[in-house]
Amino acid sequence: MSAGLNDNTVVRLPRGVRMRHDAARGGWVLLAPERIFQLDAIAHAVMSHVDGRQSVSQIVDTLTADYNAERRRIRHDVLALFHALIDRRVLEVVA
Amino acid sequence: MSDMARSHIEKTIAPPMGLLAELTHRCPLQCPYCSNPVELERRGDEMTTADWQRILREAAALGVLQVHLSGGEPAARRDLVELVETCAHEGLYSNLITAGVNITPERLAALEAAGLDHVQLSFQGADDEVTEHVSGLRGAFDKKCAFASEVRALGLPLTLNVVLHRANIHQVDDFIALALELGAERLELAHAQYYGWALRNRGALMPQRHEVMTALRAVEAAQTRLKGQLAIDSVVPDYYAHFPKPCMNGWGQQTINITPSGLGLPCHAAQTIPGLEFWSAREHALFDIWHHSPAFNAFRGTDFLPETCQSCDRRDIDHGGCRCQALMMTGDARQMDPVCQHSPWHEEIQTLTLEEASRDEPFAYRRFARGERHA
């Protein structure tokens, strides 16, 4: 459940989930047990900062600076993506 | 074929995402629902380690992302650790599909160290008695439970896979409890699909409709109750369905299957369709098998389907269903899957299903045919 997700949360890829470049089709994918998730450019930009150390708010700060965009909107997108991936068990909250 | 036609095919056909590597047909279990062909390939026909390593490298270059190491029992191959190493080296996600009865803790640790990504462990029953009855192997249940613990102790993600049929469909709740107890992240409850050995055993495997409905309700309740704790994937029995399954997500669209001897198949049952020409990975590059072998191009797309399918709004959802099942029931692999409610054969399937479900046949266990010797 992703109910506990907030600005201080740290997330990581669980064991058995890997992100890699997909040269044949272009873009990036998450490889998971019996499933493959194709990431769009925004999702990949977010996921490239997921390292099991940075908090949601640190990732949002970096992306806000990188893309020169409105922080509130980026925060919304990041949380929405993390919620969706946690529900599909391809992302987990670091205890 | 002209160079231009070859080039057109290579540009328009998307590369496969998955490789099903059937390393061997040898297996310590004798499950009557096995999807392997009744004519099993023998050890002497199996490819070498070097053959498989070349195929894995070619698969990665072709665009394959995930490799399902399967069989038979893949651990019956002595080179399993080496093959997992090759997967890891090529960036391929490796999934070991195993019965979990012949892998020592030391070998499992070696597989993990070689870079194995995920384990899918089969269960035939949720207790000792049913497991032995279905698998034909005494003591298999305890071995599987011990293996599951060893997988979890190494931190490897674990999926339990159960094929449901008349002899174990009453245990759905027990399988769910077992998955929780063993610490699995995922549970696949897949009704038997009637190909290969399962087709031969259809009269012994087909459940009654009320059993199917009870099982589906139990699964739905558990999916809600265990959300976020255990993911439960359910594959419904298509003989009881209104619409066909989107078989293989389309013929030659996402997956390539290589048999122990090296044949490249669009699906594991494709050899039941007469007249298809399969190419061997011993003689052809994987790239050429995928793009140019006659078997892969036989049913790509939906143009070959009958008019009823062409005008159907589900055409691009299920692609007319399964070619093998169409052939089996109608005599024509280009027909719509006969389980579809729009098929002229649909009523016949319903009658057949009820007949099969009311039979009381013993299992024909999966075995290699005894070598016949002429006097």
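Which residue just after α15(B) takes a positive phi? I'll come back to that in point 6; here are my notes on this predicted model.

1. Let's start with the record. An unreviewed UniProt entry carries the annotation "binding site" for Cys27(B), Cys31(B) and Cys34(B). The model lets us look at two of these residues in some detail, Cys27(B) and Cys34(B), both of which are among those the entry covers. You'll find Cys27(B) in the loop that links β1 (18–22) with α2 (49–62) of chain B, and Cys34(B) also sits in the loop between β1 and α2.

2. Are these cysteines buried or exposed? Cys27(B) has 25 other C-beta atoms within 10 Å, and because 20 or more makes a residue buried, it falls in that class. Cys34(B) is buried too, with 24 C-beta neighbours inside 10 Å. As for what surrounds them, leaving out residues up to four places away in sequence, Cys27(B) touches Gly71(B), Gly72(B), Glu73(B), Ala76(B) and Ala99(B).

3. Have a look at the backbone beside Cys27(B). Two of the residues that Cys27(B) touches, Gly71(B) and Gly72(B), are joined to each other by a cis peptide bond, with omega about 15°. Gly72(B) belongs to the loop between β2 (66–70) and α3 (80–89) of chain B. That puts a cis peptide in contact with a cysteine that the UniProt entry lists under "binding site".

4. Next, the core. The largest nonpolar core has 122 residues, and those touching the most other members are Leu56(B), Ala59(B), Val67(B), Phe175(B) and Ala198(B).

5. Now for chain A and its sheet. Three strands form an open sheet in the order β2-β3-β4 (chain A), with antiparallel pairing. The edges are β2 and β4 (35–39), each of which pairs on one side only, and the twist averages 25° from one strand to the next. Four bridges hold β2(A) to β3(A), with Met19(A) partnered by Leu30(A) in β3(A). Between β3(A) and β4(A) there are five bridges, and there Trp28(A) has Leu39(A) of β4(A) as its bridge partner. The hairpin of β2(A) and β3(A) has six residues between the strands, among them Gly26(A), with a positive phi near 85°.

6. Back to the opening question: the residue is Gly331(B), which comes just after α15(B) and takes a positive phi of about 80°. The helix itself, α15 (residues 323–330) of chain B, has Arg323(B), Cys324(B), Gln325(B) and Ala326(B) as its buried residues.

7. Positive phi turns up outside glycine too. Asn68(A) has a phi near 50° and lies in the loop between α2 (56–67) and α3 (71–87) of chain A. Asn68(A) is exposed, because it has 6 other C-beta atoms within 10 Å and the exposed class takes in 12 or fewer. In chain B, Asn249(B) has a positive phi of about 55° although it is not a glycine. Asn249(B) is found in the loop between β7 and β8 (255–258) and counts as partly exposed, with 13 C-beta neighbours inside 10 Å.

8. How do the two chains meet? In the model, 14 residues of chain A are in contact with 18 residues of chain B. On the chain A side, β2 (18–21) and β3 (28–32) each supply at least two of the residues that touch chain B. By class, that side of chain A has six nonpolar, one polar and seven charged residues.

9. Leu226(B) sits in the loop between α10 (209–225) and β7 (231–235) and is partly exposed, with 15 other C-beta atoms within 10 Å. Leu226(B) and Ile176(B) are 50 residues apart in sequence, and their C-alpha atoms are 9.7 Å apart in space.

Notes: Residues numbered from 1 in each chain as written. Chains lettered and ligands numbered in written order. Predicted model: local features only at pLDDT ≥ 70, side-chain atom pairs only at ≥ 80, totals over all residues. UniProt positions renumbered as here; feature names shortened; annotations may be inferred. Contact = placed C-beta atoms within 7 Å. Core = buried A, V, L, I, M, F, W, Y, C linked by C-beta atoms within 7 Å. Nonpolar A, V, L, I, M, F, W, Y, C, P; charged D, E, K, R; others polar. Pairing = 2+ DSSP bridges. Axes fitted to C-alpha atoms, helices over the stretch in contact; angles between N-to-C directions.
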